[in-house]
Amino acid sequence: RDLERFKARRQVPVVACLLDVAAGGGYYLASAADVVVAGPATVTGGLGVILNLFNLQDLMAQFNVLPQPIKAGELADIGTSARPLKPEEKDLLQAMADQFHKYMQADVRRSRPKLPANTDVFDGRILTGGQAVTAGLADRVGDLD
């Protein structure tokens, strides 16, 4: 949004040059540029959403570490590593991840209108710079020069 506002305010073309890694949020930001240039070995894409949660309850118990939560609000400790996720908590977090993914897809598709409708670049895969050009995520292979 900020990059789009900058472009509108300044009325200048914006070129994003992807160097080593432009995955996830890095690519998300770059996608709003007018032209996206990727290095041949740039790790590009990673357009998925992940929330890494761990159930460490048994490991903590081995060391006699026992949680003693004090909370106000039934879901205040959602995602804690001190216990497994309840099914309704997993559903809530999955719905959030799905919604974030839809937002990202809509934004990238708006910024990159040449992306094929049936593209699978939103499955979290990463690509080289050349593959990103072929997939429509970048306009050409190049570097800062």
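Select Glu4 to begin: this residue is partly exposed, with a relative accessible area of 27% (buried means under 20% relative accessible area, exposed over 50%, partly exposed in between, with a 1.4 Å probe and protein chains only). The model is predicted, so local features need pLDDT of at least 70 and side-chain atom pairs count only at pLDDT 80 or more, while totals for chains, interfaces and linings use all residues. Residues are numbered from 1 along each chain as its sequence is written, and side-chain values use heavy atoms, with hydrogens and water left out.

Helices (H or I, at least four residues) and strands (E, at least two) are DSSP runs, numbered from the N terminus. Arg110 is partly exposed, at 48%.

Proceed to Asp77 and Lys71, which form a salt bridge of 2.9 Å, N to O. Asp77 is buried, at 17%, whereas Lys71 is partly exposed, at 37%.

Finally, display the open sheet, where three strands stand in the order S1-S3-S6 with parallel pairing; two strands pair if DSSP finds at least two bridges between them. The edge strands are S1 (15-18) and S6 (140-141). Four bridges join S1 to S3 (residues 35-38), and Leu18 has Ala38 as its bridge partner in S3.

How values were computed. A salt bridge is a side-chain nitrogen of Lys or Arg within 4 Å of a carboxyl oxygen of Asp or Glu.
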